[in-house]
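Student: I would like to go through this model and ask what each label rests on. Give me the definitions and the values together.

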Amino acid sequence: MENSSNKTDQLLQKLEVLLKQQEHFQNEINALRREIESLKSGGKTAPVETIKAAEPAEPPKASQIQVPPPVKPKPAPKKKSDWEKFIGENLINKIGIVVLVIGVAIGAKYAIDHQLISPLTRIILGYLCGIGLLGFAIKLKEKYTNFSAVLLSGALAIMYFITYAAYSFYDLLPQIPAFVLMVLFTVFAVVAAIHYDKQVIAHIGLVGAYAVPFLLSEDTGRVAILFSYMTIINTGILFISFKRYWKPLYYSAFFLTWLIYIGWIGANYDVQDHFALALIFVSVFFIIFYLTFLFYKLIREEKFDAGDIICLLINSFIFFGYGYAILDGHKTGTELLGLFTLANALIHFAVVVPVYQKKLADKNLFYLIAGLVLLFITLAVPVQLDGQWVTLFWAGEAVILFTIGRLRQISFYEKLSYPLILLAFFSMIQDWNMAYGNYDPAFLESRITPVFNVHFLSSLLLVAGYLFINIIHAKKEYGSPFQKFGKNLYYDLIRIAIPAILLISIFFSVTMEIDNYFNQLYLDSQTKVVKDGYTISVYDSDYSYFNSVWVYMYMMLFVSVLSLINIKKLQSRGLGWTNIALNLMVLALFLFAGLYELSELRESYISQYYADYFNIGIINILIRYIAFIFLALLLFGSYLYTRQSFLNRNLKPAYHIVLNITLFWVVSSEWIHWMDLADSAASYKLGLSILWGVYALILMTWGILRKLKHLRIMAIIIFSVTLLKLFFYDLSHFDTIEKTIVFIVLGTLLLIVSFLYNKFRHVIYDEKTR
């Protein structure tokens with residue numbers, strides 16, 4: 001209670017101090033007001049009123065202080081959107097001018113089709129209509145600016161319409177006057193758009209003019225006129241970019257221009273007639289839009305946003321892709337592909353130098369253009385030599401964007417790199433399908449030299465790019481932009497996908513080479529053989545088996561090296577479990593399929609069926625033990641995981657089980673292998689039952705001495721399988737002597753096992769107690 005009273009007194013003292021300060025401020029305010037009134041009244045000073053400080057009164061009691069309740073601020077009234085005003089003042093006039101222009105076009109076309117008026121009259125009436133609409137727009141500008149801008153835009157569209165028709169369809173205007181008129185209209189549209197400060201003029205007057213050639217099209221095929229006409233329009237948009245940055249205008253022109261150009265390339269392009277034309281205009285359009293997207297930003301020193309960067313990249317991709325395709329389809333152009341790629345680098349270099357020297361733009365733009373320069377210079381040589389440029393282009397672009405995005409923490413660039421990583425990956429898969437497996441012995445040029453070929457080189461470059469991305473991704477000091485949101489699906493996908501794509505690329509780069517090498521040998525082994533009066537083609541089927549075996553050995557090497565890298569360097573828990581799963585999958589594949597392929601090679605060596613045509617040598621036998629070396633490496637890599645703490649799991653029992661299953665399988669396969677070589681196939685069944693029993697005894701002994709229960713259980717299972725084989729298979733196939741031998745041996749082994757259990761029961765009991 002005493003503490004509460006002290007606190008009340010302190011608060012009352014503070015309140016008294018604040019009241020005195022308020023009184024002092026009020027006196028100063030009154031003095032300022034009097035001085036202001038004195039100055040207004042000509043210098044007469046008003047009597048000074050001083051607010052005397054109140055006599056210190058007895059501090060009020062806490063119970064007497066009334067604190068007013070907090071006043072809730074009233075929410076600002078929401079501004080109602082007047083849809084009627086928007087429709088009446090903005091939307092209707094734009095729809096109206098579009099309808100008017102379409103009406104003029106339809107009317108003109110009707111008059112043309114029915115020969116109602118002469119061509120000259122049509123053109124004169126069209127110009128009069130446009131001029132009248134223009135004059136009406138200028139007259140209304142002062143009072144109705146928005147409405148006037150719409151009318152002016154319609155007038156410009158009509159002027160374009162009529163000029164194009166007069167030149168292209170009626171030949172009433174020569175080329176030079178027609179182009180001069182269009183240039184004048186474009187200049188007028190640019191000046192009017194800037195003067196009105198209205199995008200609608202530029203939209204309807206310039207971009208709307210794109211519809212003119214199609215409204216009056218009669219399939220004359222005069223594409224040079226069309227592209228020149230589009231160039232004039234885009235040049236006007238380029239000049240506007242000096243003063244305004246109207247994105248919808250640029251995006252519309254950009255989309256329409258490339259859509260028309262790409263559509264024409266796909267439908268009507270002919271290399272004999274249009275080669276120079278197509279190459280010239282793809283370059284002109286690229287340069288115009290390149291400058292359009294750069295000028296205003298550089299002049300105003302504004303940063304480039306996501307839309308600007310995407311347009312720059314798309315513009316570069318279209319120019320390089322279609323320019324390359326046009327050159328590649330021409331006899332002389334194919335020799336200029338490398339020079340064309342280098343020219344792309346020079347264009348971007350010509351931009352990046354002044355940007356860097358004068359610091360005209362933000363670092364994001366500088367990094368992007370500088371990256372494009374390096375990319376095209378890097379691609380110039382491989383493009384000149386081979387057509388793997390698409391994959392390398394996407395891979396190089398992905399590396400540049402990912403590196404800039406991650407190192408400079410520019411999230412947009414990194415996000416943009418992910419689609420390119422996938423595109424490069426799927427493009428490489430397509431390259432593999434197109435390059436490998438197409439060998440024909442009749443055409444020697446279709447043969448691919450193992451390892452030393454452009455396809456494998458491209459694969460290595462792709463792998464190098466993905467490896468670099470993974471190295472950057474693994475550095476903890478450079479976080480992913482997705483990490484700022486904590487754990488989420490996107491970050492988990494990226495964290496898994498980037499290493500997965502690298503591993504898949506490495507694996508299949510070598511696998512495709514192995515498969516192609518043996519496939520070519522198989523096709524080269526074709527031999528004509530006369531059999532029963534018929535000539536047939538036979539192939540050395542051993543190459544197919546060698547192909548499979550070498551692929552299995554490479555798989556074992558691949559997962560083993562991956563195990564060593566993860567254990568010695570990365571120590572990634574997720575990769576560790578994935579690696580263990582891959583090890584088990586490859587091991588099962590080798591035991592089930594690999595040993596079968598090896599047995600087929602052994603059978604081929606023993607039979608020598610086609611020895612007169614093909615060389616069937618000792619390698620068919622030795623390859624088996626080469627494969628066992630890789631198998632041992634795989635088991636060793638798996639064993640190392642049992643000694644690692646970062647997996648947080650005791651894997652030794654599971655490893656012992658997998659190891660003994662593998663040994664049991666391999667030892668059984670070896671017994672069959674040597675019995676087959678010794679031509680004792682009839683007696684291998686007897687030895688196999690005894691071998692299983694001996695192996696079970698060894699396993700049981702090891703399990704007892706090492707106090708490993710799981711090994712003892714495995715031994716019991718093997719004994720059970722052996723007894724089932726004995727009673728359900730061996731009895732029906734063995735003669736009396738063989739039955740006697742196998743029963744005596746297995747019985748003795750079982751008695752030894754029982755003796756061991758009795759002799760070491762204290763060891764087993766202690767283990768169970770623990």
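Tutor: First a definition: helices (H or I, at least four residues) and strands (E, at least two) are DSSP runs, numbered from the N terminus. The model is predicted, so local features need pLDDT of at least 70 and side-chain atom pairs count only at pLDDT 80 or more, while totals for chains, interfaces and linings use all residues. Residues are numbered from 1 along each chain as its sequence is written, and side-chain values use heavy atoms, with hydrogens and water left out.

Student: How many helices and strands does that rule give for the chain?

Tutor: The chain has 25 helices and two strands. One of the helices is H11, residues 306-328, where Ser 316 lies.

Student: Why is Ser 316 called buried?

Tutor: Buried means under 20% relative accessible area, exposed over 50%, and partly exposed in between (1.4 Å probe, protein chains only). Ser 316 has 2%, so buried is the label. Across the 770 residues of the chain, 42% get that label.

Student: Which residues is Ser 316 in contact with, leaving aside its neighbours within four places in sequence?

Tutor: Contact means heavy atoms within 4.5 Å. On that basis Ser 316 touches Phe 286, His 348 and Leu 372. For the chain, among contacts between residues at least 6 apart in sequence, 72% join residues at least 24 apart.

Student: What lies 3.0 Å from a polar atom of the Ser 316 side chain?

Tutor: The backbone oxygen of Leu 312 does.

Student: How do you know that Asp 524 and Arg 447 form a salt bridge?

Tutor: A salt bridge needs a side-chain nitrogen of Lys or Arg within 4 Å of a carboxyl oxygen of Asp or Glu. For Asp 524 and Arg 447 the N to O distance is 2.6 Å, so the pair meets the definition. Asp 524 is in helix H17 (489-524) and Arg 447 in the loop between H15 (411-435) and H16 (454-474), so the pair ties together parts 77 residues apart in sequence. Asp 524, at 35% relative accessible area, is partly exposed, and Arg 447, at 34%, is also partly exposed. The whole structure has five salt bridges.

Student: Why can such side chains pair at all?

Tutor: Side chains of opposite charge can pair when their charged atoms come close.

Student: Which residues are linked in a network of salt bridges?

Tutor: Arg 602, Glu 603 and Asp 676 are. In the pair Arg 602 and Glu 603, N to O is 3.7 Å. Arg 602 has 6% relative accessibility and counts as buried, whereas Glu 603 has 35% and counts as partly exposed.

Student: What span does H5 have against the expected one?

Tutor: Helix H5 (175-196) has 22 residues and reaches 31 Å from first to last C-alpha, close to the expected 32 Å. Its buried residues include Met 182, Phe 185 and Tyr 196. Asp 197 follows H5 with a positive phi, near 55 degrees.

Student: Why is Leu 116 called exposed?

Tutor: Leu 116 has 55% relative accessibility, so it counts as exposed. The residue sits in the loop between helix H2 (83-113) and helix H3 (119-139).

Student: Where does Phe 161 lie, and why is it called buried?

Tutor: Phe 161 lies in helix H4 (145-168). With 4% relative accessibility, Phe 161 counts as buried. Phe 161 and Ile 123 are 38 residues apart in sequence and 9.7 Å apart in space, C-alpha to C-alpha.

How values were computed. The expected span of a helix is 1.5 Å times one less than its number of residues. A polar contact is a pair of N or O atoms within 3.5 Å; within protein, one must be able to donate a hydrogen and the other to accept it, and residues adjacent in sequence count only if both atoms are side-chain atoms.
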